[in-house]
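Subject: Model for you to look at

Hello,

Here is the structure I promised to pass on. Please open it alongside this note; my findings follow below.

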Amino acid sequence: MLKRGDSSNSYRLFNMADPNVPLVSILLHRTLGDQKPDREGDKPFHVYINKGELLVEIPLKEQIPREDGTPAHNYSMYYDPYVTMYDSGENLSPLHGAELDYLEAIEAASVRAQEYLKPNKLDWIMDLRHGDKVYFKMENGDGVLLFLQGKVRYYGPIPKHRGVMFGIEIMDKKHKGKGTTDGSPRFQCGHNNAVYVSMDKIIKK
């Protein structure tokens, strides 16, 4: 099970009842926070925390009073507990159930925020099952963005990626064999006839 700062590929989908897993929220507005310095004795320095970053609440007993009298920082970044911020809750939206598993697969925070804010996107993405046909985005060898039809062959963890990734077999005859994988290690299809993508690359079903 993934904990804060853990980049392993353990799977947590539909197992959010565990009290040891902190409630994670997504930041909806760029906010000023603090970065803990590398050297002991140095003061924290200000950093911006971008919209779409994932944060967890700092337990009350671990919150450190601030010298300038402003409220103690009560949130830290999910993957970097040394970056902290204060928020009353107005700029954060808690993630529930499996939402975190799907959103954390998206690497860019700005894209993660866009996907989260799209009406009903998470709902239908989380309803996708094996065999469902979808339209997805893929770049060809020349960097041209293509919009293709595919079939969901797998959804879940894969090595070196966080969260839920989708294994999609390319259905467009013109582009068969122009993907990046044969589905290994999660399924099998023709040579380079599939891709693994995060939810932001899936357009519609």
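Start with the hairpin made by S8 and S9, which has five residues between the two strands. Gly143 sits in that turn and has a positive phi of about 80°. Keep in mind that this is a predicted model. S8 covers residues 133–139 and pairs with S9 in the antiparallel sense, over seven bridges. Within this pairing, Lys137 stands opposite Phe147 in S9.

S9 itself spans residues 145–156, and Leu145 is found in it. On its other pairing, S9 is joined to S10 (residues 165–170) by six bridges, and these two strands also run antiparallel. Gly150 stands opposite Ile170 in S10. Tyr154 stands opposite Gly167 in S10.

These strands belong to an open sheet of five, in the order S11-S10-S9-S8-S12, with antiparallel pairing. Its edges are S11 and S12 (202–204), each of which pairs on one side only. Neighbouring strands here are turned by 45° against each other on average, ignoring direction.

Asp34 stands opposite Thr84 in S6.

**Salt bridges**

How many salt bridges does the model have? The count comes to five. Side chains of opposite charge can pair when their charged atoms come close.

- Asp34 and Arg66: the side chains meet in a salt bridge at 2.9 Å, N to O. The pair links distant parts of the chain, 32 residues apart. Asp34 is in strand S2, while Arg66 is in the loop between S4 and strand S5 (75–77). Asp34 counts as buried, at 8% relative accessibility. Arg66 is partly exposed, with a relative accessible area of 25%.
- Arg153 and Glu169: the closest N and O atoms of this salt bridge are 2.7 Å apart. Arg153 lies in S9 and Glu169 in S10, so the pair ties together parts that are 16 residues apart in sequence. Glu169 counts as buried, at 15%.
- Asp200 and Lys201: the closest N and O atoms are 3.0 Å apart. Asp200 is buried, with a relative accessible area of 9%. Lys201 is partly exposed, at 33%.
- Glu115, Lys118 and Lys121: salt bridges that share partners join these residues into one network.

**A buried asparagine**

One last site to check. Where does Asn193 lie? Asn193 is in the loop between S10 and strand S11 (194–197). At 6% relative accessibility, Asn193 counts as buried, because the cut-off is under 20%. What does Asn193 touch, leaving out residues up to four places away in sequence? The contacts are Ile168, Glu169, Ile170, Lys176, Gly177 and Thr181.

Best wishes

Technical notes:
Residues numbered from 1 in each chain as written. Predicted model: local features only at pLDDT ≥ 70, side-chain atom pairs only at ≥ 80, totals over all residues. Heavy atoms only, no water. Helix = DSSP H or I, 4+ residues; strand = E, 2+ residues; numbered from the N terminus. Pairing = 2+ DSSP bridges. Salt bridge = Lys/Arg side-chain N within 4 Å of Asp/Glu carboxyl O. Buried < 20%, exposed > 50% of the residue type's maximum accessible area, 1.4 Å probe, protein only. Contact = heavy atoms within 4.5 Å. Axes fitted to C-alpha atoms, helices over the stretch in contact; angles between N-to-C directions.
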